[in-house]
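Have your viewer ready and the selection panel open. We will go from stop to stop, with something to select at each one.

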Amino acid sequence: MVEKIAVAVDDLTVAYNYKPVLWDIDLSIPEGVLMAIVGPNGAGKSTLIKSILGIIDPIAGSVAIFGKPYSKQRDKVAYVPQKGSVDWDFPTTALDVVMMGTYGSLGWIKRPGAKEKKQSLEALEKVGMLAFKSRQISQLSGGQQQRIFLARALVQDAAIYFMDEPFQGVDATTEIAIINILKELRKAGKTVIVVHHDLQTVPEYFDWVTFLNVKHIATGPVKDIFNDDNLTKTYGINYKVAVQK
Amino acid sequence: MDITQYFTDYTLRTITLGTAVLGAICGMLGSFAVLRKESLLGDAISHAALPGIAIAFLITGAKDTNVLLLGALVSGLIGTWWIRGIVSKTHLKTDTALGLILSLFFGFGMLLLTYIQKQPNANQAGLDKYLFGQAATLVESDVILMSIVTGVSLLVLLLFWKEFKLLLFDKDYAMTLGFNTKFIDGLISFFIVLAIVIGLQTVGVVLMSAMLLAPAAAARQWTNSLSVMVLLAAIFGMFSGVFGTAISASQTNLSTGPVIVLVASVFVAVSFIFSPGRGILFKQIRLIRNRRELELQKTLYFMYSIVKNHDDISRPHAIRILNNFQGFTKNTLSQLEQKNWITIQGANWSLTDDGFKKASNLYTTNLPES
């Protein structure tokens with residue numbers, strides 16, 4: 001079976017103030033997987049996503065999205081940042097935030113019109129937030145805010161989705177709603193890459209996994225590589241996780 | 001002073017127009033400074049403009065307003081650039097960088113001002129008016145310049161509205177969408193500096209940041225929409241200018257700049273207290289109302305817990321058994337009766353069907369309806 005590579009990372013090194021955060025990462029992610037990036041705090045999981053997306057400049061290395069640099073492939077990539085990275089007291093509505101997902105395809109100066117609004121409403125519906133479209137974003141719960149961010153990425157209608165801890169601080173209902181959407185995306189042939197913290201749910205939610213702790217430790221199908229050996233290498237302790245399935 | 005003076009007195013009309021336009025542009029652009037959480041940047045920039053004014057005078061030897069303001073613009077931009085540089089290149093935080101640049105530039109500016117004042121050049125008198133501003137020196141050409149700058153910023157604002165909003169809310173995301181965030185950032189900063197510089201003559205370096213922040217802070221209280229906020233801030237700023245000028249013109253020896261700033265502060269104070277959504281007053285009222293509502297629910301639930309052990313829910317119970325229960329007052333009882341949740345006969349109360357239904361659903365309303 002010939003797999004198309006969605007994301008290829010080559011020799012990527014990132015440092016803040018001389019201390020390496022990511023060290024010589026080589027990584028290739030095949031198309032169509034739902035992949036978790038796991039690792040301890042400070043392992044560089046968010047940094048990896050941000051450097052792939054060009055938000056952080058790496059010291060060395062390169063990234064290719066379907067074989068081309070990211071700057072040429074922006075329309076194929078969508079990003080869901082950490083919920084805590086923005087000020088939710090910003091004066092705007094849920095629908096308005098979701099509409100921001102259309103800004104990239106609109107380009108400079110052009111304003112979103114009826115078509116963009118329709119797409120955004122559909123995305124809101126998909127995440128079950130249509131009833132909240134006119135709500136000021138500070139009046140949404142944490143889980144609802146996360147769904148808004150997800151809807152904003154869905155509007156981009158990309159081939160690859162990067163998500164930074166989408167399950168952080170959300171309740172069980174929202175977590176299930178989100179993972180169902182992610183599984184739907186995979187079914188539609190999309191590639192979904194998620195920074196994830198809860199090791200217990202990795203086998204249940206994801207089919208691929210990357211272990212990361214400054215260095216790249218392993219990447220592969222969950223059923224092959226999600227084992228005590230890799231967990232120990234990543235977390236430094238003998239992590240007792242019963243590998244299911 | 002009477003109102004006809006506004007239409008007959010040329011100077012007063014010019015000053016009023018000038019301060020109104022200035023208030024509008026400051027409110028408009030100040031909204032962005034506030035939302036970028038860079039309120040203090042305005043203060044640093046206006047102080048950083050002082051040496052530019054002094055140097056422009058030293059080079060040209062003339063007190064042409066436009067030349068001096070050009071000097072202010074250049075040194076304000078250098079100050080902004082340095083602040084950004086310090087933040088991105090060192091471990092220092094923004095507040096430290098702002099404080100450093102503010103005092104460094106302002107100190108240098110003061111040094112130059114004292115030096116200039118010791119010069120024999122008779123032209124030097126009055127440069128210190130840039131410290132606290134002097135609206136009386138506004139002439140028609142100044143007002144025209146202000147209007148042009150305001151017009152251009154409004155145009156840029158409308159043109160890049162979408163980009164500004166995106167950058168203010170989520171810069172990283174804007175980057176991934178392919179927008180040049182450095183350009184948008186620079187554009188916003190440039191226009192904020194521009195607004196500050198054209199206000200220096202009227203309000204002065206020391207008070208300028210209030211012109212920028214007060215209308216925006218007041219406007220934020222009244223709305224949850226960015227466009228309405230920017231519009232309101234412009235209106236608040238404009239009225240601060242007009243009222244401030246009128247008040248200072250009605251008395252002798254009242255400096256216009258400080259009065260405008262005080263009027264703007266009144267807008268802030270009123271907004272903080274009286275705005276319906278975020279104001280202190282209505283927040284307090286809502287709090288008290290919620291608390292009353294809760295008392296009522298607590299009483300109803302207590303009654304429900306007594307009643308549900310009986311087969312007949314409308315069976316009367318003595319009011320006295322509520323006595324040990326905190327939160328029970330005559331008032332709560334009559335309110336419950338008004339809502340048709342209970343009926344009272346003499347010293348007894350009984351739950352109605354409505355009341356029983358309400359009480360049994362009281363603490364399950366958070367669950368989504370499936």
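This is a predicted model: local features need pLDDT of at least 70, side-chain atom pairs count only at pLDDT 80 or more; totals for chains, interfaces and linings use all residues.

Residues are numbered from 1 along each chain as its sequence is written, chains are lettered from A and ligands numbered from 1 in the order in which they are written, and side-chain values use heavy atoms, with hydrogens and water left out.

**Stop 1: the interface**

Select chain A and chain B together. The contact (heavy atoms within 4.5 Å) draws 35 residues from chain A and 30 residues from chain B. Between them about 2,800 Å² is buried, with carbon and sulfur atoms giving 63%; buried area is the accessible area (1.4 Å probe) that two parts lose on being put together, summed over both. Now highlight A:Phe90, A:Pro91 and A:Trp108: these supply 25% of the area that chain A buries against chain B, more than any other three residues.

Next, show A:Asp89 and B:Arg278. They form a salt bridge, with the closest N and O atoms 2.8 Å apart. The rule (a side-chain nitrogen of Lys or Arg within 4 Å of a carboxyl oxygen of Asp or Glu) finds six salt bridges across this interface.

H3(A) gives the most, with three residues. By class, this side of chain A has 18 nonpolar, nine polar and eight charged residues. Here Ala, Val, Leu, Ile, Met, Phe, Trp, Tyr, Cys and Pro count as nonpolar, Asp, Glu, Lys and Arg as charged, and the others, Gly among them, as polar.

**Stop 2: two helix pairs in chain B**

Select residues 256-274 and 280-307 of chain B, helices H13 and H14. Their axes (lines fitted to C-alpha atoms over the stretch in contact, with angles from 0 to 180 degrees between N-to-C directions) come within 4 Å and cross at roughly 10 degrees. H13(B) and H14(B) are therefore roughly parallel, a label for angles under 35 degrees. Residues making the contact include B:Phe272 and B:Phe282.

Move to H8(B), residues 161-169, and H10(B), residues 181-203, whose axes come within 10 Å and cross at roughly 100 degrees. That makes the two roughly perpendicular (65 to 115 degrees). Their contact has five nonpolar, one polar and two charged residues.

**Stop 3: inside helix H4 of chain A**

Finally, pick A:Lys118 and A:Glu122, a salt bridge with its closest N and O atoms 3.5 Å apart. Being four residues apart in H4 (residues 114-126), they are separated by about one helical turn.

Key
Angles under 35 degrees count as roughly parallel, over 145 as roughly antiparallel, 65 to 115 as roughly perpendicular and the rest as oblique.
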